[in-house]
Amino acid sequence: MIDSGFQYPIFGPEIQCPHCRQSVPALTLTDTYLCSRHGAFEADPKTGELIHLQSGRHWRRWNNEWYRQHTHPDGIRFEIHEALDRLYTQGYRATRVIVARRYQDLISGYLERSTPWRGQSDQSRPKLYGLPVEFSPDPQEEPCWEVINFDLEKEPGVPVRYPYFRLFE
């Protein structure tokens, strides 16, 4: 008897589309999932990635959530901007952005830097959309950072100055 698990790609008989979150069936005996709205996604068993065949975008999964793996600074910056907008509409303000260490070189040229005032002992911290930026711990210490892109620390309330409108300065 043939194990039915071998008939499907590595993520099983269906997944949620990383774009629209609708259930997407696997094509049996292939490594492909087919979304009626977004087309084909191929599962790579070697890397554990899901690749959108039309765009070439790569996705990885952590805790049943898909995270796009960015190769261009605008992609990660836009994703952070969208998350800030969602927080704002939910009645929260972000206080800090923690970005995956693997994106440090990619976005470092886009970070705002300021010099501290005379007499201040606090080192200047880079900022993105007016928020302090830190980079994640090493993924060997915290494996989630191998997949997730960023995390926003938040608190209730609206920002004093809503700095996120300036998307691509």
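Predicted model: local features only at pLDDT ≥ 70, side-chain atom pairs only at ≥ 80, totals over all residues.

Mentor: Start with the order of elements.

Four strands make an open sheet, ordered 9-10-8-11, with mixed pairing. Strand 9 (127-128) and strand 11 (150-156) are the edges; each has a single partner strand, so one side of each lacks a neighbour in the sheet. Look at the strand 9 edge. Strand 9 and strand 10 (residues 131-135) run antiparallel, joined by two bridges. Leu128 sits opposite Leu131 of strand 10.

Next, the helix. Helix 1 (residues 73-89) lies across strand 8 (92-99), strand 9, strand 10 and strand 11. Its angle to strand 11 is about 20 degrees.

Glu49 belongs to strand 5 (residues 49-52). Glu49 is buried, yet has no salt bridge. The nearest side chain of opposite charge is Arg60, 4.5 Å away. The cut-off for a salt bridge is 4 Å. Leaving aside residues up to four places away in sequence, Glu49 touches Phe11, Glu42, Ala43, Asp44, His58, Trp59, Arg60 and Gln69.

Finally, the whole chain. Of its 169 residues, 36% are buried. Among contacts with a separation of 6 or more, 53% join residues 24 or more positions apart.

Technical notes
Residues numbered from 1 in each chain as written. Heavy atoms only, no water. Buried < 20%, exposed > 50% of the residue type's maximum accessible area, 1.4 Å probe, protein only. Contact = heavy atoms within 4.5 Å. Lys, Arg positive; Asp, Glu negative; His and termini not counted. Pairing = 2+ DSSP bridges. Axes fitted to C-alpha atoms, helices over the stretch in contact; angles between N-to-C directions.
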